[in-house]
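Biologist: I want to learn how to read pockets and patches on a protein. Can we work through a case together?

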Amino acid sequence: MISFDTDGLRPDERFDHWCEVRAKGLFGVTIEVSRERRPDFHGRFSAYETGGATVAELQASSYRVSRTWADIKRMSGDSLNIFQQVRGPGMLRAGEERVHMIADGTMTIAHSDVPFAGTPIRSDGFHFRALKIPVTGNARLAAGAENLLCEPLLPETPVARLIEAIFAAIVEQRIEAADADATIRHIAQLALLARGRVTPGTPESRNAVRHGYLQMALTLLRSHLLEPDLSPTRVARALNISVRQLHLLFEPTGQSFARTVLAMRLAEARRQMESMPLRPVAEIASASGFDSLATFYRTFRQTYGMAPGDLRKDLRLG
């Protein structure tokens, strides 16, 4: 992982460094800020690789950004890009007559080597996330992504919700290393599906859809983990699928729905025991979603090979 911020630079050097090293050197884009605002410029950047793709995150002062044909000729990217404008709305021009309003939270999809231009509509900075998936050497992915203009996802569509769920899991680093390659393939397939570049009924598309629903289910579990009445019926209803379909989502993970919930609750209980050593175990069990103290003690011992009290002793001795 690499990270950088402008805080260590002199004010008169910050924008020029960001412009040349970060914008042109890493992203192959051109940025513009009025001269009087450059001394106040600040920016923070981080990037890491997962599953052969690159995840990048930027937070910076507002600026105009473009990727021109000259930028593309100078630095070809040859990747399928999935972007999220976390904060900082603006106008996106893609092609001669395509202009889109980009609101907070909007996700967009594009091939890296097509021109675009973005103009902020506020001056209070932005927060931006990017997933860059190389297409070189992957004929199917390259054909689907070719000449793909930058356009926003329509948030009300089912496939957009699936992409958002997988994207969040990737950028929040909730994907196991062993699953990273498959996860990147799935989100790439869904991105092309959203743009009409692949067929919905293929095995690749069906597997990608299932993975998206799995990530949505896991998000729901994390959001409602502490509620004792969390059930397959409740989660299936929230996803608008059947209970049987919900259980099928968890089969590839090697853990059932119930075992997944139990593992998450036990991990939460252990986290609380480590961070709040004076809180009674019974309170922690209840606050972690267990409605039976006996079940908590039994499953905790089975999972960690010790009783909760023994873990407390080890923590104190440590």
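Modeller: Start with residue classes. Ala, Val, Leu, Ile, Met, Phe, Trp, Tyr, Cys and Pro count as nonpolar, Asp, Glu, Lys and Arg as charged, and the others, Gly among them, as polar. Keep in mind that this is a predicted model.

Biologist: How do the residues lining the second largest pocket divide by class?

Modeller: Nine are nonpolar, eight are polar and five are charged. The pocket holds about 630 Å³ of space. Its lining has 22 residues. Nearest the centre lie Asp 179, Leu 214, Gln 215, Leu 218 and Thr 253.

Biologist: Which helices each supply at least two residues of that lining?

Modeller: Helix H5 (180–194), helix H6 (203–224), helix H8 (243–250) and helix H9 (257–275) do. H6 gives the largest share, seven residues.

Biologist: Now the largest pocket. Which residues lie nearest its centre?

Modeller: Phe 27, Val 29, Phe 83, Phe 116 and Phe 128. They belong to a lining of 50 residues. By class, that lining has 28 nonpolar, 17 polar and five charged residues. The space inside is about 990 Å³.

Biologist: Let us turn to the surface. Which residues form the nonpolar patch there?

Modeller: Met 91, Val 99, Met 101 and Ile 121. Together they have about 340 Å² of accessible area. Val 99 is in strand E8 (residues 99–102).

Biologist: Why does Val 99 count as partly exposed?

Modeller: Look at the cut-offs. Buried means under 20% relative accessible area, and exposed means over 50%. Val 99 has 41% relative accessibility, so it counts as partly exposed.

Terms used: Residues numbered from 1 in each chain as written. Predicted model: local features only at pLDDT ≥ 70, side-chain atom pairs only at ≥ 80, totals over all residues. Heavy atoms only, no water. 1 Å grid on protein atoms, 1.4 Å probe; cavity = no way out; pocket = protein on both sides within 12 Å on 5 of 7 lines; lining within 4 Å. Points joined across faces, edges and corners; volume = space filled by probe spheres on them. Helix = DSSP H or I, 4+ residues; strand = E, 2+ residues; numbered from the N terminus. Patch = residues over 30% accessible without salt bridge, like charges linked within 9 Å, V, L, I, M, F, W, Y side chains within 5 Å. Areas by Shrake-Rupley, 256 points an atom, 1.4 Å probe, with all protein chains shown as cover. Salt bridge = Lys/Arg side-chain N within 4 Å of Asp/Glu carboxyl O. Buried < 20%, exposed > 50% of the residue type's maximum accessible area, 1.4 Å probe, protein only.
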